[in-house]
Amino acid sequence: MADNLLKQTLQQLKKATVLTKAAHYQQAIDVLEGAALVFQQEKKWDFYLQTLNELGKNYNYLADAEKAIGTLKTALKIADTHHLQNTHYPISTFNSLGYAYGLQNKLDAEMRAYQSALGVRVTEESPVQKEALALTYSNIGSCHIQQRNYRLAIESHKKALQLHLEVGTKTSNELAICYNNLGTCYSYLGDYDQALPHFQKTLNIWLNVLPEGHPHLVYAYNNIASCHHFKHQHELAIKQFEKAYTITSKHFVTNHNLNATILSNLGNCYNALQQFAKAIDYYQQSIDIQSNKTSETAAFPAVVYENYCNLGNCHAMQQKFEAAFDYFQQAFKGYQVVFGDQHPKLAEVLNFWGDAHLQKGEEKEAIDHLHRSLNILLPSFQSTDVYQYPQIPSNYFSKQLLFALNRKSLSFYRLYQKNQSIQSLKAAFEGYQTLVQFVEVKRQQYKAFDSKLNLGEQLVNIYEKAIEVASMVYHQIHAAKSLPTAFNFTEKAKAVLLMEELQEADARANIPKSIRIEEESLKQRLLELEKKIEEGRAKNETAKLKELQNQHFDKHQEYLQFIEQLEKNHPDYYQLKYQTQTADIAVLQAHLQAIEGNKKTILDTKKIVLSYYVGEQFIFIFQITANNYQVHQIKKPIHFEELVTDFLDAINAVDIDDFVEIAEELYLLLLQPLQLQLYTTDGENTPQLTILRHGILNYLPFDALLLMDEKEEIEEDFTELPYLIRFFSIGYHYSATLLLYQASKKVKNVFLEDSFLGIAPVSFNGKEQAQADMALVSRGGKTKVLRSNREGEKALDNLPSTENEVKAVFELFQSRALEAKIFLYASASKQNLFLEAPKFKYILISTHGLTNNENTKLSGIYLAKTQKESSTDATHNDFLLYTSETYHLRLQADLVILSSCSSGVGELYSAEGMMALQRGFLYAGANNIIFTQFDIPDESSSALVKKLFEYILEDLPRKHSGNNYAAALRKAKMDLLVLEDYTPQDWAGFLLIGE
């Protein structure tokens, strides 16, 4: 072969590669066919094999599976005949062959081709071979996705990613595809908070390496938008879909299949926003494109049937059921033709179809359709008995299965409500038990914190209905296990992540110190990046922000991989971390009995646990004592959330009329149904309430609620009101599971030597101590300075009373010859807190707080600036103790007091409660925490804390039986609430977690 001809043909091969990259597949094929003839005639078998591989890829891109398979089989024969089996070429050939079989829906043949690629043994390992193997693992991962083995798919795609990273490039198209595939896996698992950053990473790479208008960019925007849609961020999703549509409109013909897909997705967004006319228009446009036989690409009927399903759902939401049923029938029959009788797409149609029957009030028809869906989704479950539920494999997950179980259970419950059939109620109860067990397995499969957090929010409605059904079974059937099951459902819906975090802290003791140090370093780096990202957002530094987000993604994936390996290598750590034993009523009662001494009647009991669960329609209150338990189901008022916020407003506005009126309404709703036995409140005889709050109740200080008779006249004087705190010592917790967990480990710290650490920066605006004292005198003690959580250094007042507060407690300990240490002003720094806090039993931090509603990990409390941080270039990131930093404290404390404004307030999650500062201190090892529920006045807060420690120290002779901090806090509040000019704003904000 002449050198010139060889050079020209090789140039043609390069040209074809460029055309393929630009998505000009037919032009690439024309060039490659010419090159193949030349290489074949001249017997250049390695180049011929390479060319056949490229031809097969391009046929695949055009969905011409037959031509691709023929070409690639020829390539394999060439490799075998001419002894090229030990090169990287056959790996690529098998990969493309598998892809072609996938186009024909021949999954088994596809997987065999990829496994054959893994079986190729090359004579010399090279970057090209690693890239080919990486593609093989990616393809195997895609097969696992089709088989709904998402965890296996993730493992395969991670192997592919590692191979690409070993090659050394961080900006290749193949690497981007790996991130995209991982995002797809997480999306199928419903883990959108993991999927979204992977898709964003994919897009960032493609924007750098692909030409404008490349179809991969459309896929990236489409995937990002779909994640936002599934997270119910529909407006944001629409913007991303429109970006994708702009590209297709500009660079592709109008009737391209990608246009159809995007239009369908836009329809889904507008359907979710209940803009039905717009949704229907988009669905119809998508159908028109897919049905157009003159389309540049072959029409794919399955997308048409997906639109029929979407149209059915859209009409069902408008109560146009006959039209909806007609669309569902068309979609179902169409999918049967394309996929056969057992494809998940059929289950998806049956789910929407069944849900439409449920909306119409046709529960039996709904149950039939949803049961058929279960039979399709679980081939091992083939039952004609609609009252049966499947056994679900632990490694199996499907969003459609979750939907079918949920709606079938709800359908049985609605049927019971209609006909009072006990059989239907029992079926609903069994369904919710199966459903809760299923989602508990799913919960453990999530690794990223935000993913777990948002999963909990997705499950809120399921748990609420499960609790309601179990409660109904208790009241209607008197089934012995139904009320404990209802309580168990409540516990599974409360602060599960916090429990996991605390168990993880204990489990860390079982791993080597070097590994713990490495983990701390990774966490610290992530926190630093989050701080910088926050600053970048504030300064609107777009380019810098993008780079920081990329760094955060890479470091976060490194951390998750580290944790995954840690769990694999240290099974004891894994078991301790995840084996949460949810508290049940019997265990809780045993705990109360141990404290009570086995009192015989409810009238004798002095310890009561009240567990609240706030749903959409009902408020459930579990009332548990040592010997009795019951559940109250209360219809939730429409204005309930507003009622709670109005109560807080009345406290802060010191408006006694509004306060009494709202307090009475809340009492009638939350306390009167309990018929609490009121005792004379003499010293140790005071009964104790432990309140497990939920939902909006996390904002409510129950201490300030009023116990009143409906006919009782209330004195219009704050000091005379019948506050709940007058009758009970009150403690709070997230859940009974956490309450018992804390009680089990309390013994660890209760025998520590009594010692006190006080921290108070005092000065925040640069004034000297004398000037701060003068400011206090000039105020005359009448204007209240709040330990506010307003963001921004200029908004922070000095807090002179915090100095008095800390010094007063210090002197109390000194007077009893007990160890005490305090840090004031510049010495009240983060460095000193981290150094000294692990040594003390009692810790008091008196300062300003900061709430960051965008990122709760960056909420915190202000400490002192160092000399370096006092420069004009410093930001208040330098001297804030962030919530995420508190997790790195290693405490032995039995009691921590966070005497700053709103230290117990953060972002509220239905499933986790309040994401606030006290969570980090619990993780760090504190047994009990006193925090604040709202902005607290500086002077009265100081007075309350002094009183609190007086009562704690009075109780020290009984320390070996445990200090009763709830009783001490109650006494301190009682001392303040009777003082003239003091209102609930001065004392009700301090709450105790623990005891």
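Tutor: Start with E54, which is buried, at 16% relative accessible area. Keep in mind that this is a predicted model.
Student: OK. Which residue does E54 form a salt bridge with?
Tutor: With K57. The closest N and O atoms of the two are 3.4 Å apart.
Student: How far apart are K57 and E54 in the helix?
Tutor: About one helical turn, because they are three residues apart in helix α3, residues 45–61.
Student: How many salt bridges does the structure hold?
Tutor: The count is 32.
Student: Show me another. What does E541 pair with?
Tutor: K544. Their side chains meet at 3.8 Å, N to O. E541 is partly exposed at 28% relative accessibility. K544 is partly exposed too, at 48%.
Student: What about K947? Which residue is its salt-bridge partner?
Tutor: D975, with the closest N and O atoms 3.9 Å apart. That pair links distant parts of the chain, 28 residues apart. K947 sits in helix α37 (residues 938–954), and D975 sits in helix α38 (residues 965–977).
Student: How accessible are those two?
Tutor: K947 has a relative accessible area of 29%, so K947 is partly exposed. D975 is partly exposed as well, at 24%.
Student: Which residues do salt bridges with shared partners join into one network?
Tutor: E504, R508, E519, E520, K523 and R890.
Student: New topic. Where on the surface does negative charge gather?
Tutor: Look at D657, D658, E661 and E665, which form a negative patch there. E661 lies in helix α30, residues 656–670.
Student: Is E661 buried or exposed?
Tutor: Exposed. E661 has 53% relative accessibility, and the cut-off for exposed is over 50%.
Student: Now cysteines. How many disulfides are there?
Tutor: Zero, by the distance rule used here. A disulfide is a covalent bond between the sulfur atoms of two cysteines.
Student: Are C185 and C309 buried or exposed?
Tutor: C185 is buried, with 0% relative accessible area. C309 counts as buried at 2%.
Student: Last one: where does A100 lie?
Tutor: In helix α5, residues 89–103. A100 counts as buried, at 0% relative accessibility.
Student: And what separates the C-alpha atoms of A100 and A113?
Tutor: A distance of 9.9 Å, with the two residues 13 apart along the chain.

Key: Residues numbered from 1 in each chain as written. Predicted model: local features only at pLDDT ≥ 70, side-chain atom pairs only at ≥ 80, totals over all residues. Heavy atoms only, no water. Disulfide = S-S within 2.5 Å. Buried < 20%, exposed > 50% of the residue type's maximum accessible area, 1.4 Å probe, protein only. Patch = residues over 30% accessible without salt bridge, like charges linked within 9 Å, V, L, I, M, F, W, Y side chains within 5 Å. Areas by Shrake-Rupley, 256 points an atom, 1.4 Å probe, with all protein chains shown as cover. Salt bridge = Lys/Arg side-chain N within 4 Å of Asp/Glu carboxyl O. Lys, Arg positive; Asp, Glu negative; His and termini not counted. Charge placed at Lys NZ, Arg CZ, Asp CG, Glu CD. Helix = DSSP H or I, 4+ residues; strand = E, 2+ residues; numbered from the N terminus.
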